[in-house]
Amino acid sequence: MIKKISYVLLLAISFALISCKKVPITGRKQVKLLPNSTLNSMALNSYKEFLTTNQLSSDQQNTQMVKEVGKNIQTAVTRYFKATNQVSLLNGYSWEFNLVDDPAVNAWCMPGGKVVVYSGLLPVAKTKDGLAVVMGHEIAHAVANHGNERMSQGLVQQMGGIGLQVALSQKPQATQQLFLGAYGVGTNVAAILPFSRLHESEADRMGLIFMAMAGYNPEEAVPFWQRMASASGGQVPPEFLSTHPSHSTRIKKLREAIPEAKSYAKKYK
């Protein structure tokens, strides 16, 4: 047993040494053990399956709003990456934005830019600026490769460090659940709790910058999260048990990040 644990730790350390990358904008070092091309392929299949088992919204006006806001943020992200000579980081992205008819207050973005917004989110978002807060945040998760980090850690923690292809062939159902959990698609990812709050805060900051560069008002992030706090009836569960920052912590950090977002908007129009 000790030898097995030592092997897994050694494997993880070895991967970390050769797979360390930096998150755009924040510069945080991250470990990605998996090729983005493989995750993009898995995302495409999962996205198609999701859309066949979930009802797309028949509300043309709201559907168009989701697509418009998503496209504007996508354009701003691409413009920024070209200006900073990092456009290769977006290789393999094929953006898609859809609104599903579901009362859940939720949204997510899979690898390669596959985005879903739930209709239950729109009454809380209220405006295009409010929607941009959420879509900027979700797009930031994808651009920062947070799901790759979660998948990488999950393969080490839950499957003993085996490679993705081996995991897919030997444990396809568990690997699929790990994939969906890494991207927040209706799965509890409490097993990787310590990293989740970090990802959420990082996506908040990057998303604020992306929405500002797309021409949306980053100051709307504060009232949006205040509405989210009211909609959720307070912070339940408490922050130390949650994969998300407390509403008060999130709002405080967003207030502090607004000037930075505006400065990016001015520089990368």
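Okay, so two strands count as paired if DSSP finds at least two bridges between them. Helices (H or I, at least four residues) and strands (E, at least two) are DSSP runs, numbered from the N terminus. With that, β4 and strand β5, residues 114-118, pair in the antiparallel sense over four bridges. One example: Ala107 has Val117 in β5 as its bridge partner.

Quick housekeeping. This is a predicted model, so local features need pLDDT of at least 70 and side-chain atom pairs count only at pLDDT 80 or more, while totals for chains, interfaces and linings use all residues. Residues are numbered from 1 along each chain as its sequence is written, and side-chain values use heavy atoms, leaving out hydrogens and water.

Back to the sheet. It's open, three strands, in the order β3-β5-β4, and the pairing is mixed. On average, neighbouring strands are turned by 15° against each other, direction ignored. For angles, axes are lines fitted to C-alpha atoms, for helices over the stretch in contact, and values run from 0 to 180 degrees between N-to-C directions.

What sits on the sheet? α3 lies across β3 and β5, at about 150° to β3. α5 packs there too, touching β3, β4 and β5, and its direction makes about 30° with that of β4. Contact here means heavy atoms within 4.5 Å.

Now the helix pairs. The axes of α3 (residues 60-83) and α5 (residues 128-143) come within 9 Å and cross at roughly 50°. That makes α3 oblique to α5; the scheme is under 35 degrees roughly parallel, over 145 roughly antiparallel, 65 to 115 roughly perpendicular, and the rest oblique. Residues making the contact include Met65, Ile73 and Phe81 of α3, and Leu131, Met135 and Ile139 of α5.

Then α5 and helix α10, residues 221-232: their axes come within 9 Å and cross at roughly 80°. These two are therefore roughly perpendicular to each other. Gly130, Val133 and Val134 of α5 meet Ala221, Phe224 and Trp225 of α10.

Last stop, Thr63, which is found in helix α3. Is Thr63 buried or exposed? Its relative accessible area is 13%, so Thr63 is buried; the cut-offs are under 20% for buried, over 50% for exposed and partly exposed in between, with a 1.4 Å probe and protein chains only. Not counting residues up to four places away in sequence, Thr63 touches Ser57 and Leu99.
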